[in-house]
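Look at the structure first, then read on.

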Amino acid sequence: MEARARLLDLAAFLDRLERARGVDDHRVRGLRAALPLLLEKDAARVAKILNLWSDPTTEPIEKGDSKAASGVWPKIK
Amino acid sequence: MAENKISMRYIEPHGHMVSRTTDDYQAMALAGCKAICEPAFWAGFDRKSADGFYDYFCQLTQHEPKRAAKYCIPHYAWLCINPKESEDMGLAKEVMAMIPEFLKAPTVLGIGEIGLNKNTRNELKIFEAHVDLAVQHNQLILVHTPHLEDKRKGTQLIMDALKANGKVQPSRVIIDHVEEHTMAAVLDQGYWAGITLYPESKASPQRAVDMIETISAQRVWLNSACDWGHSDPLSVPKAALEMRRRGHSSAAIDRLVFGNPVEFLSQCPKFISPEA
């Protein structure tokens, strides 16, 4: 029941996005890119999704735009 | 039946109790909490001077242990300037200069929670300076890894810096807030790993138990990192309940939520095992 409820919440969220007007958001791109991973036959789905959303660069940056993280690397395709 | 005779006991190895109420202390005591460790962290706003940190360190080492004692819970602290306020290197160095004085306090266990936030060059320099300070004073180290999309990169930068120091013993370092994509690498390099239980932005009790089952229950602790944000001071006993629901033995649960943190923390002679 818990997974059912969460899946319906996600579906409702995507429905709200369809109804909404707004600019492209990297967090939505990240969410959509992760959805196919849920259907892969693999026991490492969580790690795969977390890796997909991660900053792939390796060098420290000069300065952050803010203190907060958004959940998805902003330059995700 | 014998297994059920072991009553629930646990350590909260990472809780920001200055942000919590006395109701939380009472609930934790009733749930079986035998000790709380409180790392220095970001207050939700930037402090304007080193004086603000001096007062905070006094709060952590003098006032909060008294508040916890009213609920029969020993309270310990870790000290540092957190990575979110490390961008101002002048302030960071001023704060770090005060730390050795506070390391003499009887309830200070080490340096933490140091680490990275946005993986900047200044954050990394201050992290390295904290590691040097810990090595100079033979202190345990508690590491904060960055949030969300910055975690994987930051965890690697942190482990590279610890290795580059050359004098850090991995067994005396806990790298906290690991998740499914960072936990194995942390353990593989000999560090302890902390799994933080958050309602949204970190691991749920269910995911934490998945990690315990599929990656490792050795050199791992669970913590709530309860603070001023959306967090749950009872998340460690909730994870223990999840383990019980899945059929883990009382001994295995006790080892994870009590034995493991006691083992790591006992490397500091100031930590008194609740069994003693």
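In strand β3(B), Ala77(B) is the bridge partner of Glu38(B). Strands here are DSSP E runs of at least two residues, helices are H or I runs of at least four, and both are numbered from the N terminus. This is a predicted model: local features need pLDDT of at least 70, side-chain atom pairs count only at pLDDT 80 or more, and totals for chains, interfaces and linings use all residues. Residues are numbered from 1 along each chain as its sequence is written, while chains are lettered from A and ligands numbered from 1 in the order in which they are written.

β3(B) pairs with two strands, as the table shows. Two strands pair if DSSP finds at least two bridges between them.

| Strand paired with β3(B) | Sense | Bridges |
|---|---|---|
| β2(B), residues 33–39 | parallel | four |
| β4(B), residues 108–115 | parallel | three |

Leu79(B) has Ile111(B) of β4(B) as its bridge partner.

How many residues of β3(B) are buried? Five of its five, residues 75–79. Buried means that 20 or more other C-beta atoms, placed from the backbone, lie within 10 Å of the residue's own. His75(B), Ala77(B) and Leu79(B) point one way. Tyr76(B) and Trp78(B) point the other way.

Now the contact between chains. 20 residues of chain B are in contact with 20 residues of chain A (C-beta atoms, placed from the backbone, within 7 Å). Helices α4(B) and α5(B) each supply at least two residues of that side of chain B. The largest share, four residues, comes from α5(B).

Technical notes. A residue is buried if 20 or more other C-beta atoms lie within 10 Å of its own, exposed if 12 or fewer, and partly exposed in between; C-beta atoms are placed from the backbone. Two residues are in contact if their C-beta atoms, placed from the backbone, lie within 7 Å.
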